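Subject: Structure handed over, with notes

Hello,

Please find the structure below. My notes on what was found in it follow.

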Amino acid sequence: VLEQCPDANGATLPPSGAGACYCEFGMTARTGTDWQTCLLSLATTSTTASVNGCPGGWQLGDGTGGIESFVGSAFSHEHCLAMVMEHCPNANGATLPPSGSGACYCEFGMTDRVGTSWQSCLLCPMTALVTTTTTTIQNYSAYCQGGWLLGDSIAVSEKNIGNASSSEDCIAMVFEQCPDANGATFPPSGLGPCYCKFGMTGRSNTSNSSNTSWQSCLWFESAYMDECIGGGWQFGDGVGGWESNIGNASSRRECMDMVLEQCPDANGATLPPSGAGACYCEFGMTARTGTDWQTCLLSLATTSTTASVNGCPGGWQLGDGTGGIESFVGSAFSHEHCLAMVMEHCPNANGATLPPSGSGACYCEFGMTDRVGTSWQSCLLCPMTALVTTTTTTIQNYSAYCQGGWLLGDSIAVSEKNIGNASSSEDCIAMVFEQCPDANGATFPPSGLGPCYCKFGMTGRSNTSNSSNTSWQSCLWFESAYMDECIGGGWQFGDGVGGWESNIGNASSRRECM
């Protein structure tokens, strides 16, 4: 659930503790005894609404009452809303799949919801934009090479996708229904059937009178909602930040698609001048250099914009946070998600660290004063020296995850791993969480200083009547010992109600389902 449904606020599993595992979205209560559920502390309906900018929260149903326009693929609720606000400033709603990622749509004049295959967010009163719908669509014709020109297209194939009320409406329909198309055909009259064109290369001879019955639009190669700033791809390698090779692309279009999909926080793309080869995501790109590469500076992000969007005052910068200590807080799917976890679980942290990819292991930084290396990126949340003197008081109460607290006796476990000396029992648990995510316990001297051990498959403690067994104390996690543990004392009988749920596969335990 935490991995596949980051916006879920609950998990459901059969009472046996194994079987079908469900993500719960908007869960508010429980019912029955045929299931057991865990209400997660990481989200509630109201919290999600606050975090992702949706006034009334995302609700099940496709937006209806007006028209909609495909704006791109989103990796989260927040990403979808950011795209809608940037590209469709007059939209009054957004639509996304129930999974919380995928095709994102701008809703213009949304008045209601229908069905269960989508979820939608109402951004302003439902009737506010109904009367202005016809003026809110952006200038899609700007994506046509030379604008709409007379003549039917020469293309590999075509698809009739229904009648359009204008040439703008036709392009919007093609973008939405035929993302692989590279052109459109539509009557010059401004009303009639709209066609998606695949593999369009030009137009038929307009000297034939029948060929003037159509007009066609051939996309620029980079005809995206997030097109290149400054007139398309330009010579020069991106400089000013850092880059990541994401594989080979056969065209600029494919490279752009790969960057938008794999590096949502990137603000540029780089490719060889030939138009094919190694494709790179550019992070924090500010300029170009040389002629051995070509780059596209994307309008969806710049260094300063990213800093504003993801809450990092100075922007994410290359380097692991140093100068204090750090604590693993969970796996994040984006910069925003990492910062949200850090702010929730480590309120006294002054930094956050994440892999350069923008997702993965997320760490709280306490007393961060500098950065080092290139294997991580970090965000400084407040002045670097602000928390150095209070570092020892900022670690949360990890011992709350121990069943009965720390108890005397060495653990009975399948295996163990010495991960170094710890300065306290809290420090030991933090080290285990960070270095041994699959462990279910820890062992540490009762003196409060010494070697800390990760315990794997721990089931209990050895007999403390033997004096040697009192030289250790051990902590056995609750089964749901996560940074986001269940509200109300763990898993409880009852199926989650109040929102909707999604089956994400079978789990062999409550821990695996969580």
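Some background before the rest. This is a predicted model, in which local features need pLDDT of at least 70 and side-chain atom pairs count only at pLDDT 80 or more, while totals for chains, interfaces and linings use all residues. Residues are numbered from 1 along each chain as its sequence is written, and side-chain values use heavy atoms, with hydrogens and water left out.

Overall picture

The protein has 8 helices and 34 strands. Helices (H or I, at least four residues) and strands (E, at least two) are DSSP runs, numbered from the N terminus. Of its 514 residues, 50% count as buried. The accessible surface comes to about 21,500 Å², and carbon and sulfur atoms hold 53% of it; the areas come from the Shrake-Rupley method with a 1.4 Å probe, and for residues only the protein chains shown count as cover. Among contacts with a separation of 6 or more, 66% are between residues 24 or more positions apart, where contact means heavy atoms within 4.5 Å.

Disulfides

A disulfide is a covalent bond between the sulfur atoms of two cysteines. Here the term is applied to a pair of cysteine sulfur atoms within 2.5 Å, and the count by this rule is 9 disulfides. Three of them are described here, including the one between C80 and C104.

The sulfur atoms of C80 and C104 are 2.1 Å apart. This disulfide is right-handed, because the torsion about its S-S bond is about 80°. It links distant parts of the chain: C80 belongs to helix 2 (residues 77–87) and C104 to strand 7 (residues 102–108), 24 residues apart.

C170 and C194 also form a disulfide, with 2.1 Å between their sulfur atoms. The torsion about the S-S bond of C170 and C194 is about 80°, so this one is right-handed. C170 is in helix 3 (residues 167–177) and C194 in strand 13 (residues 192–198), distant parts of the chain, 24 residues apart. C170 has 0% relative accessibility and so counts as buried; C194, at 0%, counts as buried too.

C263 lies in the loop between helix 4 (252–262) and strand 18 (268–271), and C281 in strand 19 (residues 277–283), so the bond ties together parts that are 18 residues apart in sequence. C263 is buried at 6% relative accessibility, and C281 is buried at 0%.

Aromatic rings

Rings of Phe, Tyr and Trp (its six-membered ring) pair if their centres lie within 6.5 Å; planes under 30 degrees apart count as stacked, over 60 as edge-to-face and the rest as tilted. The count by this rule is 10 aromatic pairs. One of them is Y363 with W376, edge-to-face, 5.6 Å centre to centre and with 90° between the planes. Y363 is in strand 24 (residues 360–366) and W376 in strand 25 (residues 370–380), 13 residues apart. Y363 is buried at 9% relative accessible area, whereas W376 is partly exposed at 24%. Elsewhere, ring pairs link F70, Y105 and W118 into a cluster.

Strands and sheets

Two strands pair if DSSP finds at least two bridges between them. An open sheet of 5 strands has the order 9-15-12-13-11, with antiparallel pairing. Its edge strands, strand 9 (149–150) and strand 11 (157–164), each pair on one side only. Strand 9 pairs with strand 15 (residues 215–218) over 2 bridges, in the antiparallel sense, and L150 stands opposite Q215.

Which residues cover the two faces of strand 29? In strand 29 (residues 441–444), G441 and T443 on one side and A442 and F444 on the other are all buried. Strand 29 pairs antiparallel with strand 30 (residues 450–456) over 3 bridges, and A442 has C454 as its bridge partner there. These two strands form a hairpin with 5 residues between them, and G448 in the turn has a positive phi of about 90°. Strand 29 is also joined by 4 bridges to strand 32 (residues 473–476), running antiparallel; the bridge partner of F444 in strand 32 is Q473.

Regards

Key:
Buried < 20%, exposed > 50% of the residue type's maximum accessible area, 1.4 Å probe, protein only.
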